[in-house]
Amino acid sequence: MPSASPHILLLAPGAKMALARALARAAEARGGRLTAREADPVAPAAGCCHHTVSGAPIDDADAAASLLDWCRREGVDLVVPSRHGDLPALASAREAFFSAGIALAISEPDCIRICLDKRNTWRWLSAHGLPVPAQTTVGEWPDSPLRDHLPLIAKSPTGSGSRQLVRVTEPAALAMLPADWILQTPAPGREYTVNVYVDRHGRSVCEIPHARLMVGDGEVIRARTERIPVLMTLARRIAEGLPGARGPLNIQMFHDDRSGRTTVIEINPRFGGGYPLVDEAGGTFAEWLISEYIE
């Protein structure tokens with residue numbers, strides 16, 4: 001039975017005020033409400049929700065099980081994560097939530113494993129013939145084909161945003177980095193994010209690119225949507241090829257207009273900071289989640 005007044009739970013919204021507003025509007029239109037679960041009592045986005053409860057990160061199976069019990073008691077219909085660190089435990093508990101009649105806006109575990117570790121992402125993209133930068137690790141660099149190709153981009157294999165990213169211009173800088181960090185050749189062109197919505201049957205129903213014009217701490221601050229068919233087609237191919245991709249994804253790419261070259265950098269299986277642009281452009285993912293999983 002569809003819920004007459006849906007109760008949506010947004011996890012760790014932080015400063016994602018526009019995402020919170022979009023979810024709140026979608027819930028209000030159906031007589032429902034949006035609750036934020038946030039560890040920070042003064043998180044800006046919490047003020048855009050109808051209610052706020054305190055909650056620690058969902059970083060293990062026990063925390064996911066505790067959240068499931070709370071959702072049952074509070075009559076939550078849909079849980080929307082927005083934090084990278086919550087995704088592995090929630091993906092593992094995905095079937096338990098759905099069996100309890102609570103939808104999770106998250107992809108299946110195989111997809112999460114591919115996306116959250118950049119080494120897995122690169123391997124999967126390469127195996128499927130998709131355009132990626134050349135890559136090695138700090139530990140393997142001395143014997144790799146990239147030894148003579150400085151500068152390189154160094155990043156944590158499990159980091160998010162640009163908080164763990166270093167431009168390496170001299171070999172001496174590598175001595176300061178962990179051996180498992182990945183090294184990639186710089187991608188030419190402008191950086192884009194393509195936000196994708198994948199329905200419950202694994203079909204990509206919307207791909208909206210935006211140019212990342214200004215970025216701070218890994219999150220986009222200023223951007224512009226652009227209709228670039230080659231990026232949209234590539235994003236659709238990735239989204240529909242990923243095993244168990246569902247709901248919101250954002251795919252980071254570089255595209256060079258002069259050469260026509262496109263390079264895929266990473267895949268984030270969640271709502272990104274640029275989602276408000278997508279919502280304004282007609283990609284109303286919040287509405288679609290409620291329609292698909294509650295109604």
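**Salt bridges and their setting**

Tutor: With a relative accessible area of 37%, Asp69 is partly exposed, a class that lies between buried (under 20% relative accessible area) and exposed (over 50%), computed with a 1.4 Å probe and protein chains only. This is a predicted model, in which local features need pLDDT of at least 70 and side-chain atom pairs count only at pLDDT 80 or more, while totals for chains, interfaces and linings use all residues. Residues are numbered from 1 along each chain as its sequence is written, and side-chain values use heavy atoms, with hydrogens and water left out.

Asp69 forms a salt bridge with Arg72, their closest N and O atoms being 3.0 Å apart; the term requires a side-chain nitrogen of Lys or Arg within 4 Å of a carboxyl oxygen of Asp or Glu. Because the two residues are three apart in helix α2 (residues 61-74), about one helical turn separates them, where a helix is a DSSP run of H or I with at least four residues, a strand is a run of E with at least two, and both are numbered from the N terminus. An α-helix has 3.6 residues a turn, so residues three or four places apart point the same way. Arg72 is also partly exposed, at 46% relative accessibility.

By this rule the model has 13 salt bridges. Another of them pairs the side chains of Glu287 and Arg30 at 2.8 Å, N to O. Glu287 belongs to helix α9 (residues 285-293), whereas Arg30 sits in the loop between α1 (17-28) and β2 (33-38), so this pair ties together parts that are 257 residues apart in sequence. Arg30 is buried, with a relative accessible area of 18%, whereas Glu287, at 28%, is partly exposed.

In a further pair, Asp117 and Arg119, the closest N and O atoms are 2.7 Å apart.

Turning to the strands, four of them form an open antiparallel sheet in the order β6-β9-β7-β8, two strands being paired if DSSP finds at least two bridges between them. The edges are β6 (135-137) and β8 (165-168), each with a single partner strand, so one side of each has no neighbour in the sheet. Strand β7 (residues 152-155) is joined to β8 by four bridges and to β9 by three; within these pairings Ala154 stands opposite Val166 in β8, and its bridge partner in β9 is Leu183. Both faces of β7 are covered, with Leu152 and Ala154 buried on one side and Ile153 and Lys155 buried on the other. Leu183 also has Thr136 opposite, in the antiparallel pairing of β6 with β9 (residues 182-184), which runs over three bridges.

Thr185 is buried, with a relative accessible area of 19%, and, not counting residues up to four places away in sequence, touches Pro133, Ala134, Leu146 and Leu152, contact here meaning heavy atoms within 4.5 Å.
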